[in-house]
Amino acid sequence: MTKSGKTGFLALIIGIALVFAVIVLPLTGCDDGNNGNGNNGNGNNGNGNNGNDNGNSGSGNNGNGNNGGTDQTDNPPVDIMSLPPMKTQFSSYFMIGNIFNPGDVSGSSVTNTRLTRHYNILTAENNMKPSYIAPSQGSYNFTTADSMVNAARASGFKVVGHTLLWHSQNANWMTSSSCTPANMKTYITAVVDHFKGKIYSWDVLNEVFPDGVSASADWKTAMRSDNPWFANQGYSFVYEGFLAARLADPAAILYYNDYNLDNSGKAMMVRNMVKAVNDKYLASSDKPVGESAGRLLIEGIGMQSHHNTNVQASSIRATLNLFKPLGVKISISELDVLGQSYQDFAKAGHGPNKQGSTTVTAQGLQTQARLYGEYFKLFIEFKDIIERVSFWGITDNQSWRSAGLPLLFDSSGKSKPAYNKVIEALGQ
Ligand code: XIL
């Protein structure tokens with residue numbers, strides 16, 4: 001059978017299974033768990049050109065399966081629990097991830113069936129951030145994070161550790177008057193060691209570069225002034241922080257994570273920093289015993305991808321091409337796409353259940369769908385370097401940017417045009 005023949009056959013089987021499931025099996029309403037209760041949401045600014053709307057037409061069949069080449073944008077909404085697992089559909093390309101919260105686990109397992117059905121790697125939305133784990137010096141509270149990590153692993157997920165160093169949701173003791181390299185290393189060593197062997201990859205450093213930075217800037221001096229470690233000790237904390245994480249758990253893949261990396265200036269800063277840190281590490285003897293000679297220190301770049309309708313796939317392509325020669329893995333680590341421009345979204349604001357005040361139009365949802373489709377075609381094209389695509393939420397109402405209706409599923413768990421376009425990308 002040809003690849004498309006196989007795909008068509010598969011779609012038929014899945015279609016029959018779906019009809020069976022819809023007719024015979026009762027649809028289970030499922031508990032989504034709680035959404036985050038963190039503080040300090042950071043607005044990720046839109047940038048780039050105006051998005052062009054193009055209403056898509058075409059009559060797809062049921063919104064399930066992979067109907068290669070057919071425009072599925074107008075497929076009727078389907079309940080998320082009736083759709084084929086995304087993790088399986090994308091398994092030959094990359095892992096499909098999402099976020100989780102304490103309400104998504106119970107006892108020793110993940111009880112949110114939407115998560116277990118579609119995703120194979122989870123990131124705690126908030127509970128592994130320093131403000132949760134170590135609110136005061138010398139006192140670590142791992143209880144909630146432990147239950148989440150252990151449940152996720154027991155339910156077959158990989159776990160992303162998010163995040164060790166961030167100017168937001170930080171543990172203030174690390175950065176107040178006693179903001180010293182020693183405090184930073186103490187924290188990283190304690191936390192990474194605590195979870196040793198359980199974390200697939202760590203976001204060691206989050207969001208160190210400012211918006212609007214020029215591609216010709218020097219990464220060593222261009223960091224955000226509100227990054228407390230940079231403000232206190234300059235750029236050298238980056239190497240020291242990553243090294244502490246490597247020594248504490250050599251098996252974990254260490255990531256740098258940032259947003260708006262479709263922006264060429266920020267992308268260049270990240271590229272330059274990762275290259276410099278890795279070059280320094282390769283030339284050093286700062287390695288755990290037995291580590292292979294060519295192993296990098298920063299082995300991954302997380303492109304958060306909190307996008308909006310002005311973010312073109314071509315800008316993301318340029319960044320992926322810029323990062324490729326670094327030889328690091330890429331994760332699309334926090335994907336959501338507002339159904340409008342960032343400027344329009346900013347008027348309604350952040351936070352779960354702001355969708356009551358949404359100004360997203362039906363046309364906006366079509367543009368969002370088109371972009372999701374274009375992004376996924378691109379991700380598939382770069383499958384050799386992309387190891388994971390994680391969404392930052394399942395349904396719009398749970399999103400930290402809920403007023404922008406940024407996810408694949410609506411508040412009732414039904415597929416949106418964006419979902420259909422993501423699946424359609426599989427057939428291209
Ligand atoms: C967000 C959470 O989704 C919110 O619940 C919280 O209030 C603020 O943080 N970049 C990141 C994530 O790396 O940790 C942020 O998560 C979103 C932006």
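Student: In this predicted model, which strand is joined to β8 by four bridges and runs parallel to it, with residues 329–337?
Tutor: That strand is β10; four bridges join it to β8, and the two run parallel. I301 stands opposite I330 in β10.

Student: Which strand pairs with β8 in the parallel sense besides that, and over how many bridges?
Tutor: Strand β7, residues 253–258, pairs with β8 in the parallel sense over four bridges. The chain crosses from β7 to β8 through helix α9, residues 264–282, and this β-α-β crossover is right-handed.

Student: Which residue stands opposite M303 in β8?
Tutor: D258 stands opposite M303.

Student: Are the faces of β8 covered or open?
Tutor: Both faces of β8, residues 300–303, are covered. G300 and G302 are buried on one side, and I301 and M303 are buried on the other. In a regular strand, side chains alternate between the two faces of the sheet.

Student: Changing topic to β5: how many of its residues are buried?
Tutor: Seven of the eight residues of strand β5, residues 158–165, are buried, so the strand is mostly covered, a residue counting as buried if 20 or more other C-beta atoms lie within 10 Å of its own.

Student: Which strands does β5 pair with?
Tutor: Three bridges join β5 to strand β4, residues 121–124, and these two run parallel. β5 also pairs in the parallel sense with strand β6, residues 201–206, over four bridges. T123 stands opposite V160 in β5, and L165 stands opposite L205 in β6.

Student: What about the peptide bond from H162 to T163, cis or trans?
Tutor: The peptide bond from H162 to T163 is cis, with omega near 0°. T163 is found in strand β5. As background, most peptide bonds are trans.

Student: Where is a positive phi found in a residue other than glycine?
Tutor: S305 has a phi near 70°, and N353 has a phi near 65°. S305 lies in the loop between β8 and β9, whereas N353 lies in the loop between α11 and α12.

Student: Why does S305 count as buried, and why does N353 count as partly exposed?
Tutor: S305 counts as buried because it has 25 C-beta neighbours inside 10 Å. N353 counts as partly exposed because it has 14 C-beta neighbours inside 10 Å.

Student: On to helix α10: which of its residues are buried?
Tutor: In α10, residues 313–323, the buried residues are S315, I316, T319, L320 and F323. Seen down the helix axis, these buried residues fall within an arc of 140°, so they line one face of α10. On the other side of α10, S314 and N321 are exposed.

Student: What do the buried residues of α10 pack against?
Tutor: They pack against α9, β8, β10 and α12.

Student: Where is I380, and what does it touch?
Tutor: I380 is in helix α12. Not counting residues up to four places away in sequence, I380 touches Y93 and A425. I380 is partly exposed because 17 other C-beta atoms lie within 10 Å. The C-alpha atoms of I380 and L426 are separated by 7.9 Å, although these residues are 46 residues apart along the chain.

Student: And S216, buried or exposed?
Tutor: S216 counts as exposed because it has 8 C-beta neighbours inside 10 Å. S216 is found in the loop between β6 and α7. Its C-alpha atom is separated by 7.5 Å from that of G265, 49 residues apart along the chain.

Student: Which residues have the most contacts inside the largest nonpolar core?
Tutor: V204 and A245 have the most contacts inside that core, which has 108 residues. Not counting residues up to four places away in sequence, the residues V204 touches include L164, L165, F242 and A245. In soluble globular proteins, nonpolar side chains tend to be buried together.

Student: What is the mean pLDDT of the protein?
Tutor: The mean pLDDT is 86, and 82% of the residues reach 70 or more. Over residues 1–70, however, the pLDDT is below 50, and this stretch has 134 contacts in the model beyond near neighbours in sequence. Where pLDDT is low, the predicted coordinates should not be read in detail.

Methods:
Residues are numbered from 1 along each chain as its sequence is written. This is a predicted model: local features need pLDDT of at least 70, side-chain atom pairs count only at pLDDT 80 or more; totals for chains, interfaces and linings use all residues. A residue is buried if 20 or more other C-beta atoms lie within 10 Å of its own, exposed if 12 or fewer, and partly exposed in between; C-beta atoms are placed from the backbone. Two strands pair if DSSP finds at least two bridges between them. A crossover is right-handed if, with the strands pointing away from the viewer, the path from the first strand over the helix to the second runs clockwise. pLDDT is the predictor's confidence in each residue, from 0 to 100. Two residues are in contact if their C-beta atoms, placed from the backbone, lie within 7 Å. A nonpolar core is a set of buried Ala, Val, Leu, Ile, Met, Phe, Trp, Tyr and Cys residues joined through C-beta atoms within 7 Å. The arc is that of the directions from the helix axis to the C-beta atoms.
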